[in-house]
Amino acid sequence: MNRRKYLFPNVIELNLAAGRPLGVNVYLIDGGSEYVLLDVGMEDTLDEVIDLIRAMDFPLSKCKMLIATHADVDHVQALASARERLRTKTAAHPKAAALIETGEPVQTYAVIAAQGVSERMPGCKIDKKLKDGDEVKVGELTLQVLHTPGHTAGQLSFRLGHLIFSGDNIYADGGVGVIDAHHGSNIPEFIASLTRLRDADASFLLPSHGPPFRHDRAMIQATIDRLTAYLRMPDFGTCAIEWPLEQQWKADILAGKMPQFE
Ligand SMILES: [Zn+2]
């Protein structure tokens, strides 16, 4: 039996448990009599994920639920296979469920035609829809569900005591999940979600990529400030709410003003 490498009490992260990078973070939340997984990753690592769970002496039959933080392919490609092999239930936000159930390839980044990316995105039934304020019982533990849209409309975060599993909202370097109109990103909603995480009474954030990090209001605020600037810059196209430079340009043209360089 592998020694269980707990990251925090009741929390194991499977890349760390494996001792090698598998892909997206896969959190096993151990409620004692049962456990859940937050995300399952890609199909080509599912065998290893399942072997690890067995090696840590978690019976597959005690997996209460596979929870998708959102619908991106790197988080959920293996969900359908994992649901079959663990004979368990799946859960996601309704807006993620709609993409996962149909195996939608574009909004999930399974297919990025311009970059020649083409991954499988098997459809998977989502047994339970989770919304903000819901609670998921895991043995003796309670996970609180937070709907934190912005990166994508169906992004969920979860609170477990003083820990927040923050999905693709923010990483240890202050980076955020991709902002992309084709992905359903929404910068005002993203800022609202980050503000909620900033103001949360939490000690650590456990993101879907990279290491966990201390909850630091100033660090989250710096990210909020960056995204706030994007609202009025063209960097993310139609995700901006306005572009003052272009508005001024149009006004100048209409006013017959020529560019002046002195
Ligand atoms: Zn991600």
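Among contacts between residues at least 6 apart in sequence, 61% join residues at least 24 apart in the protein chain. That figure, like the rest here, comes from a predicted model. The chain holds eight helices and 14 strands. Its radius of gyration is 20 Å, close to the 18 Å that the globule rule gives for 262 residues, so the chain is as compact as a globular protein of that length. Buried residues account for 40% of the 262.

Six strands line up in the order 9-10-11-12-13-14, forming an open sheet with mixed pairing. Strand 9 (135–138) and strand 14 (213–214) sit at the edges with a single partner strand each, so one side of each has no neighbour in the sheet. Further in, strand 10 (residues 141–147) pairs with strand 11 in the antiparallel sense over four bridges, and His-147 stands opposite Leu-156 of strand 11. Strand 11 (residues 156–160) is mostly covered, with four of its five residues buried. Strand 11 also pairs with strand 12, again antiparallel, this time over three bridges. Here Leu-160 has Leu-163 in strand 12 as its bridge partner. The hairpin made by strand 11 and strand 12 has two residues between the strands, and Gly-161 takes a positive phi near 60° there.

Setting aside neighbours within four places in sequence, Ile-29 is in contact with residues including Val-138, Leu-141, Leu-143 and Leu-160. Asn-10, Val-11, Tyr-35, Val-36 and Leu-38 are also among the contacts of Ile-29. As for the nonpolar core, the largest one has 63 residues, and Ile-29 is one of those that touch the most other members, together with Tyr-27, Val-36, Leu-37, Val-40, Leu-79 and Ile-100. In soluble globular proteins, nonpolar side chains tend to be buried together.

Helix 7 is worth a look too. Running over residues 217–230, helix 7 has 14 residues and reaches 20 Å from its first C-alpha to its last, close to the 20 Å expected at 1.5 Å a residue. Ile-220, Thr-223 and Ile-224 are buried in helix 7. These three cover an arc of only 105° around the axis, which puts them on the same side of the helix. An α-helix has 3.6 residues a turn, so residues three or four places apart point the same way. The buried residues of helix 7 pack against helix 6 (187–199). On the face turned away from that buried side, helix 7 carries the exposed residues Ala-218, Ala-222, Asp-225 and Ala-229.

Finally, a loop residue. Tyr-109 lies in the loop between helix 5 (94–102) and strand 6 (111–112). With 21 other C-beta atoms within 10 Å, against a cut-off of 20 or more, Tyr-109 counts as buried. Leaving aside neighbours within four places in sequence, Tyr-109 is in contact with Asp-72 and Val-73. His-183 is 74 residues away along the chain, yet its C-alpha atom and that of Tyr-109 are separated by 7.8 Å.

Technical notes:
Residues are numbered from 1 along each chain as its sequence is written. This is a predicted model: local features need pLDDT of at least 70, side-chain atom pairs count only at pLDDT 80 or more; totals for chains, interfaces and linings use all residues. The radius of gyration is taken over C-alpha atoms; the globule rule is 2.2 Å times the number of residues to the power 0.38. A residue is buried if 20 or more other C-beta atoms lie within 10 Å of its own, exposed if 12 or fewer, and partly exposed in between; C-beta atoms are placed from the backbone. Two residues are in contact if their C-beta atoms, placed from the backbone, lie within 7 Å. The expected span of a helix is 1.5 Å times one less than its number of residues. The arc is that of the directions from the helix axis to the C-beta atoms. Two strands pair if DSSP finds at least two bridges between them. A nonpolar core is a set of buried Ala, Val, Leu, Ile, Met, Phe, Trp, Tyr and Cys residues joined through C-beta atoms within 7 Å.
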